Amino acid sequence: MKILLLEDDNFICESIKSYFELDGNKVDFFNDGEELLDNAILTNYDIFLFDINTPKKNGFETLKAIRDDGISTPAIYLTAQSDIEHVKQGYALGCSDYVRKPFILDELELRINQILHKDLDCDNVKITESYSFNLCSMQLAFEGESIDLKQQEKDLLYILVKNIGNIVSPSIIKDYVWDEKDVCDNTLRTQIKKIRTKLKENFIVNIRNSGYKIEKNA
């Protein structure tokens with residue numbers, strides 16, 4: 001899971017980052033909304049955690065800009081605000097939940113998992129007549145039989161299936177699969193080739209000079 005955090009309290013940022021990355025998740029954080037919008041690859045995250053009172057662009061303004069770009073990634077506001085008008089405004093902008101400060105990290109994790117499992121189609125996503133992929137378990141299956149995949153192979157298929165029918169650029173794939181490691185296009189091509197060797201039919205399409213996609217099954 002990749003988390004995008006907007007929070008101007010560095011202690012909270014480090015606490016959330018340490019907690020979630022212990023379980024192999026990835027947390028990127030920014031202290032102000034303007035910096036986040038300028039630098040984050042927004043389509044590359046599974047969930048947004050936004051404080052409301054942040055410099056330059058607050059959490060409301062930041063989420064509005066993201067929603068205006070057509071990005072529907074689930075969002076949770078982390079806030080000390082208890083004013084019902086703030087709550088109404090947040091939900092009107094498309095947030096999924098509010099977590100009041102101070103909060104317990106275990107509770108935050110439970111809320112994230114509940115939202116993601118509700119938001120994702122946890123039934124198998126049909127790729128072809130024979131292949132399916134479960135977004136929750138990240139498991140590829142051929143005619144109902146699971147296929148053994150390494151974690152990076154699962155991550156790569158996940159980002160493609162999550163965006164099924166759309167082209168995913170190499171930069172987005174590399175950032176999701178290898179986090180911030182500097183990997184070349186040849187590394188990505190090699191990983192795609194490894195996955196294809198495990199398939200009886202190739203459903204990963206290379207779109208020249210653009211990226212990769214999996215066609216949506218009609």
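In strand β4, Ala75, Tyr77 and Thr79 point one way, while Ile76 and Leu78 point the other way, and all are buried. Buried here means under 20% relative accessible area, against over 50% for exposed and in between for partly exposed, with a 1.4 Å probe and protein chains only. In a regular strand, side chains alternate between the two faces of the sheet. The model is predicted: local features need pLDDT of at least 70, side-chain atom pairs count only at pLDDT 80 or more, and totals for chains, interfaces and linings use all residues. Residues are numbered from 1 along each chain as its sequence is written, and side-chain values use heavy atoms, with hydrogens and water left out.

Strand β4 covers residues 75–79 and is mostly covered, with five of its five residues buried. Helices (H or I, at least four residues) and strands (E, at least two) are DSSP runs, numbered from the N terminus. The partner strand β3 (residues 47–51) runs parallel to β4 and is joined to it by four bridges; two strands pair if DSSP finds at least two bridges between them. Within this pairing, Phe48 stands opposite Ala75 in β4.

Helix α3 spans residues 59–68, and Gly59, Phe60, Thr62, Leu63 and Ile66 are buried in it. Seen down the axis of α3, these buried residues fall within an arc of 165°, so they line one face of the helix; the arc is that of the directions from the helix axis to the C-beta atoms. At the start of α3, a side-chain oxygen of Asn58 comes within 3.0 Å of the backbone nitrogen of Phe60. Just after α3, Gly70 adopts a positive phi of about 85°.

A further group of strands forms an open sheet in the order β6-β7-β8-β9, with antiparallel pairing. Because β6 (125–126) and β9 (145–146) stand at the edges with a single partner strand each, one side of each is left without a neighbour in the sheet. Strand β8 (residues 139–142) pairs with β9 in the antiparallel sense over two bridges, and Ala141 stands opposite Ser146 in β9.

The largest pocket has a volume of about 550 Å³. A pocket is an open set of points on a 1 Å grid over the protein atoms alone, where a 1.4 Å probe fits, with protein on both sides within 12 Å along at least five of seven lines; lining residues have an atom within 4 Å of a point. Of the 23 lining residues, the closest to the centre of the largest pocket are Met1, Lys2, Asn25, Met138 and Tyr176.

How values were computed
A polar contact is a pair of N or O atoms within 3.5 Å; within protein, one must be able to donate a hydrogen and the other to accept it, and residues adjacent in sequence count only if both atoms are side-chain atoms. Grid points are joined across faces, edges and corners, and a volume is the space filled by probe spheres set on the points.
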